[in-house]
Amino acid sequence: MKVEKRIQKEIPGLGEMIRRARKIDRRTLAELADLAGMSVPNWYSIENEEMKVLPLTTLRRIEAALGVSFNVAFDDNDVDEAEEEKQ
């Protein structure tokens, strides 16, 4: 049997933080996107916050490509999205 807990956390300005870190990095966007396993248009959509939800695995791949951490963590105080919808 599986138990699932889905949590979403609002991180204001995350797209801009990613953009700033990319501009500091000397590699091209194409190189960084390739390292993160995504397309350049997908990377841009993340920076422009066009995506409603960014999977944590994708964020971690971006962090790895840039060699940075955006300090996104989840703890027991974060609300389960299903529970939040009930309220």
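Me: This is a predicted model. What makes Lys23 and Ile24 the exposed residues on one face of H1?
Reply: Exposed takes over 50% relative accessible area. Lys23 and Ile24 count as exposed, and they sit on the face of H1 turned away from its buried side.

Me: Which residues of H1 are buried?
Reply: In H1, residues 14-24, they are Leu14, Gly15, Ile18, Arg19, Ala21 and Arg22.

Me: How do you know that the buried residues of H1 line one face?
Reply: Look down the axis of H1. The buried residues fall within an arc of 165 degrees, so they line one face of the helix. An α-helix has 3.6 residues a turn, so residues three or four places apart point the same way.

Me: What covers the buried residues of H1?
Reply: The cover includes helix H2 (29-36), helix H3 (40-47) and helix H4 (56-66).

Me: Which residues touch the most other members of the largest nonpolar core?
Reply: The core has 16 residues, and Ile18, Met38, Trp43, Ile62, Leu66 and Phe70 touch the most other members. H1, H2, H3 and H4 each give two or more residues to this core.

Me: Why is asparagine 71 called exposed?
Reply: The cut-off is over 50%. Asparagine 71 has a relative accessible area of 66%, so it is exposed. Asparagine 71 is in the loop between H4 and helix H5 (81-86).

How values were computed. Residues numbered from 1 in each chain as written. Predicted model: local features only at pLDDT ≥ 70, side-chain atom pairs only at ≥ 80, totals over all residues. Heavy atoms only, no water. Buried < 20%, exposed > 50% of the residue type's maximum accessible area, 1.4 Å probe, protein only. Helix = DSSP H or I, 4+ residues; strand = E, 2+ residues; numbered from the N terminus. Arc of directions from axis to C-beta. Contact = heavy atoms within 4.5 Å. Core = buried A, V, L, I, M, F, W, Y, C linked by side-chain atoms within 4.5 Å.
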